[in-house]
Amino acid sequence: MSSTLYRHGVVHSSADPFAEALLVQDGVVAWMGSDDTADGLVAGVDEVVELDGALVAPGFVDAHVHLLETALAGEGLDLTAGGGVRDLPDVLDAVARVAAARAAGDRSVVHGTGWDEGAWPTRRPPTRAELDVVGQGLPVYLARVDVHSAVVSSALADVAGLRDLPGWSDDGRVEGAAHHAARAVARAVDPQRRTALYRGVLAQAAAAGIVAVHEQSAPHVDTRDGLRELLSATADAASGVPLVVGYRGEPCVTVDDARALLADLPGLTGIGGDLNVDGSLGSRTAALRQPYSDAPGSTGTLHLSAEQIANHVTAVTRAGSHAAFHVIGDRALDELLLGLRAAADVEGTAAIAAAGHRIEHAEMVDAHSLAQIVLLGLRLSVQPAFDAAWGGPDGMYAARLGRGRAAALNPFADLAAAGVPMALGSDSPVTPFDPWGGVRAASTHREPDQRISVRAAFRAATRGGWRLAGLDHAGELRVGSPAHLAVWRAEHLVVQASRTSSWSADARAGSPLLPDLGPDEPAPQCLRTVRDGVVVHDTLA
């Protein structure tokens, strides 16, 4: 049994909004209260942490990640504006530098992630011919920022056999089946390196105050062996890394299919996640009711039919698990809800609602769809950073959909008002591990009437992630709860009681304090992350 006393700080707890100290004993919160009482506990504990005004808060849960692809993106070329890429020539120069530095005989894939042609003056991605030249004949894979399409070189196309697959374009752009095949080649690593990549990326998550991640695995993202390793290696907090909550996006037709998958992946939480009903808005593969504003002949692509969705939901429900589906466009959401209603006709609406099925992203939810989401008891994993990156009257969403449709995207306030359970995620590597950034984005939505309070967003980013995984016992700091927490240094701690209220630093308001996330405030700094009482990230020692 080990014990740690945190004192002389601020504890974020609805159970005791005035707590200044907290005791963790044998992996759970054993006590919280005032510094005066804490001083009398010092002699009986193994470790005393002097917080010096720091905030102790529930640890974050990132409800949508892709760990291997995040790790590979971190090792490869950063093709975002943050990585110094402002236009097409910057991409070509970056590939040329890697090719020039390659040792003779090294034919490994040149991997890059994050390009966004819509933000460039040239307004177009690189072509296969250009990559062949600057890549000196090497296999090159460059994923768009949404990772729903990419451009590849001829060498990679040949290795992966892309030219006869659906989604191949002769200019080297790949989507759909061709993109999945290209990703399989680009992510191919030996088991020892894969293990190192996993541990490295989980350490990055821990450094961001994240105590658990929902890994959205699928055949086009990672292997079953990879997910099996993650589930086994992180099952115990003694692993020293955040917990991996596992989802596997493989369609099931019968309950035997679902049971077989659950048996093959011990510890699997849900069947789905990156089970794609459609694609993305940036790549124009999200399935829409009406054509894209900047591509009038296109309405995107449906990857699953209502019949396939109904079969999957029925099978997974009968197996005692829950399903999860990637849905972006309104036509994709229509198809999903049609399939869910068909499953409810067979299993009963109560059984479907009790299962806790979830939707990933759900960016285009109108009033009719929202009513069905509530009726079917669906839970949503949403990404506020998407709105921050691509929302607004001049953003990518407006370019793809027109300002009218774009303004209705990501209706967080409507979802919250309807009581829909929500969790926040990054979809890393699409956006980085930045949970406070996600909280800020939800509270500063580009459409003011869709903003939610910082407190509500923080709750969705912490307790919400546990709830969507069916782990309702975690996500808050109260006596007896699992000690999943993070310690933060923040310039100012304040209360925001509602999405429209002003900030207050007065703790007498009776609401737990949180960092001021105003535009001029520095980001909170993570000092320590603790999972089940085990320190998984530390700068205090």
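Are Phe 60 and Trp 488 buried or exposed? Both Phe 60 and Trp 488 are buried, where buried means under 20% relative accessible area, exposed means over 50%, and partly exposed lies in between (1.4 Å probe, protein chains only).

## Basis of the model

This is a predicted model, in which local features need pLDDT of at least 70, side-chain atom pairs count only at pLDDT 80 or more, and totals for chains, interfaces and linings use all residues. Residues are numbered from 1 along each chain as its sequence is written, and side-chain values use heavy atoms, with hydrogens and water left out.

## Aromatic pairs

A pair of aromatic rings is described by the distance of the centres and the angle of the planes. A search of the whole structure gives eight aromatic pairs. Rings of Phe, Tyr and Trp (its six-membered ring) pair if their centres lie within 6.5 Å; planes under 30 degrees apart count as stacked, over 60 as edge-to-face and the rest as tilted.

Phe 60 and Trp 488 form an edge-to-face pair, at 5.9 Å centre to centre and with 75° between the planes. Phe 60 belongs to strand β7 (residues 60-65) and Trp 488 to strand β20 (residues 485-489), so this pair ties together parts that are 428 residues apart in sequence. Strands (E, at least two residues) and helices (H or I, at least four) are DSSP runs, numbered from the N terminus. Phe 60 and Trp 488 also form one aromatic cluster with Trp 436 and Phe 458.

The pair of Trp 115 and Trp 120 is tilted, because the ring centres are 6.4 Å apart and the planes are at 40°. Trp 115 counts as buried at 1% relative accessibility, and Trp 120 counts as buried at 4%.

## Helix packing

Two packed helices are described by the angle between their axes and the distance between the axes. Axes are lines fitted to C-alpha atoms, for helices over the stretch in contact, and angles run from 0 to 180 degrees between N-to-C directions. Helix α7 (residues 191-207) packs against helix α8 (residues 224-233) at an angle of about 50°, with the axes 11 Å apart. That makes α7 oblique to α8; angles under 35 degrees count as roughly parallel, over 145 as roughly antiparallel, 65 to 115 as roughly perpendicular and the rest as oblique. In α7, Arg 194, Thr 195, Tyr 198 and Leu 202 meet Asp 225, Gly 226, Leu 227, Glu 229 and Leu 230 of α8, contact being heavy atoms within 4.5 Å.

Helix α11 (residues 330-347) and helix α13 (residues 367-375) cross at roughly 35°, and their axes come within 11 Å. On the α11 side, Leu 333, Asp 334, Leu 337 and Arg 341 meet Ser 369, Gln 372 and Ile 373 in α13.

## Backbone exceptions

Most residues other than glycine have a negative phi, and most peptide bonds are trans. Ser 428 and Pro 429 are joined by a cis peptide bond, with omega about 15°. Pro 429 sits in the loop between β19 (422-424) and α18 (435-443).

His 361 is not a glycine, yet has a positive phi of about 85°. This residue is in strand β17 (residues 358-361), and His 361 counts as buried at 2% relative accessibility. Asp 532, also not a glycine, has a positive phi of about 50°. Asp 532 is in the loop between β23 (525-531) and β24 (534-538), and Asp 532 is partly exposed, with a relative accessible area of 33%.
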